[in-house]
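Hello,

Here is the structure I promised to pass on. My notes on one strand and on the cavities follow below it.

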Amino acid sequence: MDAYDTDPGVAAAVASFNLPEHLGFGQINAPVMFDAEWRNGEWQRGRLLPYGPIEVWPGSRALQYAELVFEGLKAYRVGRSRPNLFRAEANCRRMIRSATRLSMPAVPEALFFQGIGAVVRACSDIMPTQSGRSLYLRPFIFGSESGYMLRNSRTFRFMVIANPVEPYASGAMEVAIERADVRAAAGGLGEAKASANYAASLRASTAAVVSGRTIALWLDGAEHRYLQELSGMNIFTVLDGELHTPELDGAILPGITRDSLLTLARSLGYKAHERRIPLDEVLEGIDSGRCSELFACGTAAVVSPVALLAEGDGREYRLQKTDAVAKHLRESLLAIQERRAPDPLGWTQELTFA
Ligand code: COI
């Protein structure tokens, strides 16, 4: 991929950025963004710009028909002079699969890495350096052509924005079981990181928060019996001391953290299973003590314990332990991500800026 252009305003935008003490998740915007356009059947030269509003046609397919796929990954710089990424090529492959599912043009690996590399490079001196904090990268592709005909756009934008962040969820989560709405069904968009999936989850997520819970738990779309995922996070349970997570069924997002935890857990001596998990088995297991723990995982969330599951009528199923296996896995994963522990599988990649 050819080099990209850098807007003359970038240096001043970076120089005037101050990293606040409280970061939250997605509340603070990094001062730069990357933007490349797809037109006449090919990706054009990208640009690094100061972060700011963009011009989009009100009739663009992204706004009218949710023609948008995205990724989430993190750059870390904990006790090191150079930032590093974690399994970024897996994010790139997933973004290609998501774009293909929506028949949007894939972003080639070289452009994907050029975009995230440009943003991390510009932010390397202003990104968080404390353990647990990172620079969250949000690459996305959207259809920019205006028009209502139901076909793909013929112009697209690939952009990368970033946010210095703390973990998405802190503390043990109270999870509302969603028994009515469906987030995704096999054959739909569930396994793509498409913004439309997140739109489908918003009603239940908002209702969960309004009722004092943290997040909603999704069940399978066909029978409403099996665990699917939490909005934006995969789920694990500890049953009889062994780890279980829902098998990828075409509706569940194939999380990179989920995949990493399966490998890591096995290397730490845990038995880990991927299978269909009936919600009733978990609820009965919590009552009987068989199910000792539940936790969510994802790039944003890392590994977040669940304190209880709640039905809409107020019944609660409280876990015995909230952060035993979860804590072990979270600390082991974070140590690799932040390059504080050996990385035998070569998951991390230090960025070198030539
Ligand atoms: C991520 O973990 O990267 C996500 O996209 C989840 C989102 C709810 C922040």
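**Strand β17 and its partners**

β17 and strand β18 (residues 316-318) pair in the antiparallel sense, over three bridges. Please keep in mind that this is a predicted model. Ala-310 has Glu-316 in β18 as its bridge partner. Five residues separate the two strands in their hairpin, and Gly-314 there takes a positive phi near 100 degrees.

Strand β16 (residues 291-298) runs antiparallel to β17, joined by four bridges. Here Cys-297 pairs with Val-303 in β17. This hairpin has three residues between its strands. Strand β10 (residues 173-177) runs parallel to β17, again with four bridges. Glu-174 stands opposite Leu-308 in β17.

Is β17 buried or exposed? Nine of the nine residues of β17 (residues 302-310) are buried, so the strand is largely enclosed by the rest of the structure.

**Cavities**

A search of the whole structure gives two cavities of 30 Å³ or more.

Where does the largest cavity lie? Domain 1 (5-165) and domain 2 (173-337) both give residues to its lining, so it lies between them.

The second largest cavity has a volume of about 40 Å³. Helix α5 (residues 195-210) gives the most to its lining, with three residues. Among the lining residues are Arg-183 and Glu-229. The classes here are one nonpolar, four polar and two charged.

Best wishes

Notes: Residues numbered from 1 in each chain as written. Predicted model: local features only at pLDDT ≥ 70, side-chain atom pairs only at ≥ 80, totals over all residues. Heavy atoms only, no water. Buried < 20%, exposed > 50% of the residue type's maximum accessible area, 1.4 Å probe, protein only. Pairing = 2+ DSSP bridges. 1 Å grid on protein atoms, 1.4 Å probe; cavity = no way out; pocket = protein on both sides within 12 Å on 5 of 7 lines; lining within 4 Å. Points joined across faces, edges and corners; volume = space filled by probe spheres on them. Domains from an automatic or database assignment. Nonpolar A, V, L, I, M, F, W, Y, C, P; charged D, E, K, R; others polar.
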